[in-house]
Amino acid sequence: MFDRDQGRLCKARTSIHCIVVGGGIAGLSAAYALREVGHTVLVVDKTDGKARTSAGIRSPPNMTQILNQWGFGPALAKLSHKCTTFSFRNGCTGDYLGSMKMSESFQNHVLADFLLLRNRDLHSLLFNAASEAGVEFLYDAEVVGVDSENVSVTLKGGQTLQADVIVAADGYDSTVRPLVMEEDSSEENGKSIHYFNFEIPADIIQADEDLVSLVRPSEWSIWFGNEHAMHISFLAGAKDCAVTVQHKAGESLKDEDLQVPRLLDELVAKNKFEPRLRKLLGVATKHLTKFTIFRPHPAVESMTCEQARIVLVGSAGHPLQPTTHHGTALSIEDAQTLGLLFSHIRHRDQIPQLLNAFEEIRQPRIALAQRLETQRRGMLFAPPGPLMARRDAVLKIAMQYEDWEHMDEESFKLVWGKEFELSCHDATEKVEDWWTQWGAFFEKKDTGRRKSVVQVSTSVSRDGANPRMVHA
């Protein structure tokens with residue numbers, strides 16, 4: 001469990017071996033949390049392990065609290081930018097819809113600060129922490145098969161790695177997920193959403209009298225347009241500005257049609273942007289950091305395989321759109337929950353029980369986030385006309401108070417209740433509550449025969465054709 005006095009995770013009595021598939025933020029955080037409670041962890045990733053994007057991400061209070069509990073507070077202070085205001089505008093007309101300010105007294109009631117930072121900075125922070133903790137890494141190793149009976153993964157090239165638990169953290173388009181559970185593709189929407197991420201030097205923004213009015217240093221500025229949305233915020237030290245554009249594509253495109261410059265030109269030509277946003281996009285095209293295609297996936301019915309030896313975490317287990325408000329936070333919560341639960345393991349026969357507990361704790365939380373994000377996506381892409389007018393009117397009413405403190409309790413719950421519930425969720429406390437209720441029963445239950453540890457065995461070649469093992 002988590003020792004709040006010492007600010008650290010408590011060690012498990014028995015050490016098990018875990019393979020984490022995927023070396024992104026979800027995989028690194030899960031690997032770190034499991035290693036911190038005493039388990040051996042191998043991260044297997046098909047890339048070279050380098051962070052792929054400098055796109056901005058948001059760390060709401062529930063995420064920031066966990067990172068602080070892991071001892072990352074001083075590093076976050078250097079890498080992040082504190083956000084104190086959310087502002088909303090119509091991206092077609094420029095109309096101001098309202099803002100929500102997080103006053104100091106309000107922030108004292110939440111778990112931690114709302115932070116803005118780069119994806120690559122958080123990735124590096126987690127990688128360094130996991131390496132120092134003793135996590136091992138196997139890069140350039142693509143997983144092509146998973147065996148839930150023997151608890152093993154097969155790599156491209158035929159190598160097989162065995163473990164006690166497999167953590168699938170290989171992202172939104174997870175290759176492990178369909179290997180261990182059925183997916184209902186009939187629920188998928190054929191239309192895709194295109195995401196353009198830019199990082200623009202703040203000097204360019206501040207030197208232009210039109211652009212400087214788009215966002216303030218401590219603000220997360222959100223613009224709703226005609227089936228598009230734009231997020232603008234400053235990053236650490238306010239030296240750079242992160243811009244993300246979401247655009248609902250009219251049809252699914254073939255790979256040969258996905259030429260980013262042409263797609264950007266079409267985005268500007270086909271959509272009515274407020275003049276300042278159009279000007280910003282003209283500048284931003286020179287500073288593109290990432291282009292992502294989002295094709296909706298149905299919700300995952302179960303985060304564990306039938307044998308409860310493989311578990312899905314991060315966007316592999318809850319496939320939300322890339323710029324979702326809580327996507328990264330849910331991944332960090334998954335890791336904390338997994339680490340806390342597996343700090344209680346006494347022998348390997350308890351693995352299925354602990355993974356089932358993980359699902360019991362996490363599924364209601366993730367279902368709430370998915371419902372809210374689906375509703376938010378519908379609001380973002382309202383077309384011009386009655387739907388857009390109604391959306392703007394609702395937002396103006398919701399933002400009329402300008403802050404949280406002057407809202408009566410009924411209005412607050414109606415407008416911000418679910419968002420507040422998500423942002424103030426304490427993942428550590430949730431596991432502690434579960435253990436208080438079920439821990440005694442769990443420890444007394446007959447667990448049967450204990451199994452021996454299955455060690456990883458792999459051959460490593462020096463040439464680039466085979467996976468390479470990195471010992472931290």
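Analyst: This is a predicted model. Start with strands β16 (residues 219-224) and β17 (residues 228-234): they run antiparallel and are joined by 5 bridges. Within that pairing, Phe-224 stands opposite Ala-229 of β17.

Now widen the view to the sheet. It is open and has 7 strands, in the order β8-β7-β16-β17-β18-β15-β19. The pairing is mixed. β8 (96-101) and β19 (288-294) stand at the edges. Each has a single partner strand, so one side of each is left without a neighbour in the sheet. From one strand to the next, the twist averages 15 degrees.

Is Ile-232 buried or exposed? Its relative accessible area is 2%. The cut-off for buried is under 20%, so Ile-232 counts as buried.

Which residues does Ile-232 touch, not counting those up to four places away in sequence? Glu-219, Trp-220, Ser-221 and Trp-223 are among them. So are Leu-214 and Val-215, along with Cys-241, Ala-242 and Val-243. Leu-277 and Leu-280 complete the list. Phe-198 is another reference point: Ile-232 is 34 residues from Phe-198 in sequence, and their C-alpha atoms are 9.6 Å apart in space.

Two helix pairs remain. Take helix α1 (residues 25-36) and helix α5 (residues 119-133). Their axes come within 9 Å and cross at roughly 25 degrees. That makes α1 roughly parallel to α5. The crossing is left-handed. On α1, the contact residues include Leu-28, Tyr-32 and Arg-35. On α5, they include Leu-122, Leu-126 and Phe-127.

The other pair is helix α2 (residues 61-69) with helix α10 (residues 327-341). Here the axes come within 9 Å and cross at roughly 40 degrees. α2 and α10 are therefore oblique to each other. Their crossing is left-handed. From α2, Asn-62, Met-63, Ile-66, Leu-67 and Gln-69 make the contact. From α10, the contact is made by Thr-328, Ala-329, Ile-332, Glu-333 and Gln-336.

Methods:
Residues are numbered from 1 along each chain as its sequence is written. This is a predicted model: local features need pLDDT of at least 70, side-chain atom pairs count only at pLDDT 80 or more; totals for chains, interfaces and linings use all residues. Side-chain values use heavy atoms; hydrogens and water are left out. Two strands pair if DSSP finds at least two bridges between them. Helices (H or I, at least four residues) and strands (E, at least two) are DSSP runs, numbered from the N terminus. Axes are lines fitted to C-alpha atoms, for helices over the stretch in contact, and angles run from 0 to 180 degrees between N-to-C directions. Angles under 35 degrees count as roughly parallel, over 145 as roughly antiparallel, 65 to 115 as roughly perpendicular and the rest as oblique. A crossing is left-handed if the near helix is turned anticlockwise from the far one by less than a right angle, and right-handed if clockwise. Contact means heavy atoms within 4.5 Å. Buried means under 20% relative accessible area, exposed over 50%, partly exposed in between (1.4 Å probe, protein chains only).
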